Amino acid sequence: SRFFTINDHPQGTPARELFELHEQALPELAEGEVRVRNSWLSVDPYMRGRMSGVTTYIEPFELNAPLEGAAIGEVIESRAAEFPVGTKVRHMGGWRDVAQLPGAELETLPAYEVPEQAYLGVLGMPGMTAWTGLNRIAEMQEGDNVLVSGAAGAVGSLAVQLAKAKGGTVVGIAGSQEKLDWLEAHGVKAVSYKGKNAPQLTEALNAACPEGFDVYYENVGGTCLEAALNTLKVGARIAVCGMIARYNDDAPSAGPGNLAMILIRRARMEGFIVFDHWAHYPQFLEEVGPQVENGRIDYEETVEEGLERTPDAFLKLFEGANRGKMLVRL
Ligand code: NDP
């Protein structure tokens, strides 16, 4: 098996040299174990937090031990009766080409007619996150004005479509012209947080939605949060899903200077971690799966080729180089 490790905890943006590729022979399968040849690996922003050596809501990665992450592959050897050779599975033994795991740590793939890698993106953890944040945390209602940051990423691109489908007026914040075009093509008013808008994001959001927002779906933090707070309606709900603008900061930075807007607008701001809501994954699949299958929900993927490119794919998340889900194909 070939797998990646990190040799140190990153300071700031992780350097490419931090990631090392190793090769090791796998032991014989123990009773109950399976061996999986991975076909797709997921890289996700939360992995940056696991590299920092501190426990948050999840254990940190160990230095010089195989990194972990979601992956999809095919069982190539099995001593677990439920997972015969040839079964397609999802598991957390990513950042490697061949994984060996107890059968209890595998899931078979749901049966929608979608490419298998959709179960790492729109019908996997990021999709479930978008659905949870919008419906269960922000409690979006039909007709709401909804603002989404990181709107063209894995989570954001489903959040904007679900909000549209629920009858919302949707504004998306993203960082490149390609992403803005994708959003506009999906009926989302798109606002860049870069370039001339950077110093006046509040004005740009006001222009996009003069009435203000009932819901803010937060993926980014920093200046996006500050501008969003200025544009809330009374009684607005903020689902705090992520704050990627901060993940490479070495020390906490000052919060938004206008946090008092939460008070002035009588708003509610609530963070959530998708794993706490995983019992609702079947409900999410039932609602969203058929719409992905029949094309009513669209999704994008950005694919890097080959295990060697996994760190590059991961680092690109922080450059905004991905549209939709960032994946590695093996
Ligand atoms: P994305 O596919 O959205 O990829 C990351 C994107 O973030 C980039 O493409 C880039 O888009 C944007 N970005 C990167 N750096 C910055 C920055 N400094 N300032 C502003 N934007 C930046 O990733 P995901 O969809 O997987 O995740 C989106 C968010 O959701 C993350 O914050 C993640 O941590 C969070 N998340 C939370 C979960 C939970 O359980 N709470 C579960 C899953 C994800 P652009 O070009 O627009 O800048």
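**Figure 1. The shell around the ligand in the predicted model.** The ligand is surrounded by 30 residues, and the closest of them are Gly-153, Ala-154, Gly-175, Gly-242 and Gly-320. The structure shown is a predicted model. By class, the shell around the ligand holds 18 nonpolar, ten polar and two charged residues. Helices α2 (125-137) and α3 (154-165) each contribute at least two residues to this shell. The largest share, three residues, is supplied by α3. Because domain 1 (2-120 + 299-329) and domain 2 (125-275) both give residues to the shell, the ligand lies between them.

**Figure 2. The two domains and their contact.** The protein chain is divided into domain 1 (2-120 + 299-329), which is made of two segments, and domain 2 (125-275). Their C-alpha centres are 28 Å apart. In the contact between them, 16 residues of domain 1 meet 18 residues of domain 2. The side of domain 1 that touches domain 2 consists of five nonpolar, seven polar and four charged residues.

**Figure 3. The largest nonpolar core.** This core has 91 residues, and Leu-134, Leu-147, Ala-159 and Tyr-217 have the most contacts inside it. Helix α3 gives the core its largest share, seven residues. Domain 1 (2-120 + 299-329) and domain 2 (125-275) each provide at least three residues of this core.

**Figure 4. Helix α3 and its surroundings.** Helix α3 is mostly covered, with ten of its twelve residues buried. The buried residues are Ala-154, Val-155, Gly-156, Ser-157, Leu-158, Ala-159, Val-160, Gln-161, Leu-162 and Ala-163. They pack against α2, β8 (145-148), β9 (169-174), α4 (177-185), β11 (213-218) and β15 (325-329). An α-helix has 3.6 residues a turn, so residues three or four places apart point the same way. At 1.5 Å a residue, the twelve residues of α3 should span 16 Å, and the 17 Å between its end C-alpha atoms agrees with this. Just after α3, Gly-167 takes a positive phi of about 85 degrees.

**Figure 5. Helix α6 and its packing partners.** Helix α6 covers residues 222-230, and its buried residues include Cys-224, Leu-225, Ala-227, Ala-228 and Leu-229. The elements that the buried residues of α6 pack against are β8, β9, α5 (201-208), β11, β12 (232-240) and α7 (261-264).

Figure 6. Most residues other than glycine have a negative phi. Trp-95, which is not a glycine, has a positive phi of about 60 degrees. Its place is in the loop between β5 (88-91) and β6 (98-102). Trp-95 has 29 other C-beta atoms within 10 Å and is therefore buried, the cut-off being 20 or more. Glu-139 is also not a glycine, and its phi is positive at about 50 degrees. Glu-139 sits in the loop between α2 and β8. With 14 other C-beta atoms within 10 Å, Glu-139 is partly exposed.

**Figure 7. Val-85 and its neighbours.** Val-85 belongs to the loop between β4 (71-78) and β5. Val-85 counts as exposed because it has 11 C-beta neighbours inside 10 Å, and a residue is exposed at 12 or fewer. Apart from neighbours within four places in sequence, Val-85 is in contact with Val-75, Ile-76, Glu-77 and Ser-78. Val-85 and Val-34 are 51 residues apart in sequence, and their C-alpha atoms are 8.7 Å apart in space.

**Figure 8. Ile-58 in its loop.** Ile-58 is found in the loop between α1 (46-50) and β4. Ile-58 has 13 C-beta neighbours inside 10 Å, so it counts as partly exposed. Between Ile-58 and Glu-33 there are 24 Å from C-alpha to C-alpha, for a separation of 25 residues in sequence.

How values were computed. Residues numbered from 1 in each chain as written. Predicted model: local features only at pLDDT ≥ 70, side-chain atom pairs only at ≥ 80, totals over all residues. Near = placed C-beta within 6 Å. Helix = DSSP H or I, 4+ residues; strand = E, 2+ residues; numbered from the N terminus. Nonpolar A, V, L, I, M, F, W, Y, C, P; charged D, E, K, R; others polar. Domains from an automatic or database assignment. Core = buried A, V, L, I, M, F, W, Y, C linked by C-beta atoms within 7 Å. Expected span 1.5 Å × (residues − 1). Contact = placed C-beta atoms within 7 Å.
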